[in-house]
Amino acid sequence: MIRVVLPVHLRNLARTSDEVQLEIAEPATITSLLNALEERYPVLRGTIRDQLTGKRRPLVRFFTCGEDVSHEPPDSPLPAAVARGAEPFCIFGALAAGQALLRTQRSAERGVGTQVGSGLSPVL
């Protein structure tokens, strides 16, 4: 039994709890996990990976055993701890504005505003 932790917006969409448990045949891979998840919750199709290419959406990240496995080959086996259910497979939405917010905060601390048209809000 593999445990999957979904972000709040996908839990709400799927109408499920914090953690989903899936039965997956060996060897368990990211692809087989996502196939099982989308089969059980069809409403999630296209939200985590592109429906046509099967590639992970750019702002979605996968973590297992404290490691970012987002860029691992999708058909490589999941860690044994995840496959046996000791550790969850976590799906997160990335924070795209993280660096921009950090730059804005640093500018504010120095008392410097941002340029208009830079894509960032001016610091007042």
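There are four salt bridges in the structure, a salt bridge being a side-chain nitrogen of Lys or Arg within 4 Å of a carboxyl oxygen of Asp or Glu. Before the details: this is a predicted model, where local features need pLDDT of at least 70, side-chain atom pairs count only at pLDDT 80 or more, and totals for chains, interfaces and linings use all residues. Residues are numbered from 1 along each chain as its sequence is written, and side-chain values use heavy atoms, with hydrogens and water left out.

One of the bridges joins Glu38 and Arg49, with the closest N and O atoms 2.8 Å apart. Glu38 is in helix 2 and Arg49 in the loop between helix 2 and strand 3, so this pair ties together parts 11 residues apart in sequence. Helices (H or I, at least four residues) and strands (E, at least two) are DSSP runs, numbered from the N terminus.

Is this pair buried or exposed? Glu38 is buried at 9% relative accessibility, and Arg49 is buried at 10%. Buried means under 20% relative accessible area, exposed over 50%, and partly exposed in between (1.4 Å probe, protein chains only).

Arg57 bridges to Asp50 at 3.8 Å between the closest N and O atoms. Here Arg57 is partly exposed at 31%, as is Asp50 at 23%.
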